[in-house]
Amino acid sequence: MMMPDIQKARRANLRWIVLLALNSARPLGASEQIIYSAVQPVVPDITQLELRRELDYLDERELIEVSEKDSPAWFAKLTRHGVDVVEYTQPCEAGIARPKKYW
């Protein structure tokens, strides 16, 4: 029997929550502190490093745009591709735990 990869599922879920938080912050985007505040109720033991890793992952996938990476606080906003994924108008590739569309 294959055991589920809990850490992989956690990362995928965290990425989806970040996308939802940034969708709520559109069109301006949000600082990593605000994103952290939105994620923490769902993932209470999240660390800043873990959040930054997932922000960087989503930035590399061009779903979000992270600016001010050289400053103490990062800032992120959804790209048009990120908006399409959140709004279910584009397919979501593996790595993000987007729920299936039910409507």
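Which residues of the largest nonpolar core touch the most other members? The views below are taken from a predicted model, in which local features need pLDDT of at least 70 and side-chain atom pairs count only at pLDDT 80 or more, while totals for chains, interfaces and linings use all residues. Residues are numbered from 1 along each chain as its sequence is written, and side-chain values use heavy atoms, without hydrogens and water.

**View 1. The largest nonpolar core has 26 residues.** Val 18, Leu 19, Leu 22, Ile 35, Val 39, Leu 55 and Ile 64 touch the most other members. Such a core is a set of buried Ala, Val, Leu, Ile, Met, Phe, Trp, Tyr and Cys residues joined through side-chain atoms within 4.5 Å, where buried means under 20% relative accessible area with a 1.4 Å probe, protein chains only. At least two core residues come from each of α1 (6-24), α2 (32-39), α3 (48-60), β2 (64-67), β3 (75-78) and α4 (80-86). Helices (H or I, at least four residues) and strands (E, at least two) are DSSP runs, numbered from the N terminus. The largest share, six residues, is supplied by α1.

**View 2. Surroundings of Val 18.** Beyond its neighbours within four places in sequence, Val 18 is in contact (heavy atoms within 4.5 Å) with Ile 35, Val 39, Leu 51, Leu 55 and Leu 58.

**View 3. Val 42 lies in the loop between α2 and α3.** Leaving aside neighbours within four places in sequence, Val 42 is in contact with Asn 13 and Ile 17. Val 42 and Glu 87 are 45 residues apart in sequence and 21 Å apart in space, C-alpha to C-alpha.

Methods: Buried means under 20% relative accessible area, exposed over 50%, partly exposed in between (1.4 Å probe, protein chains only).
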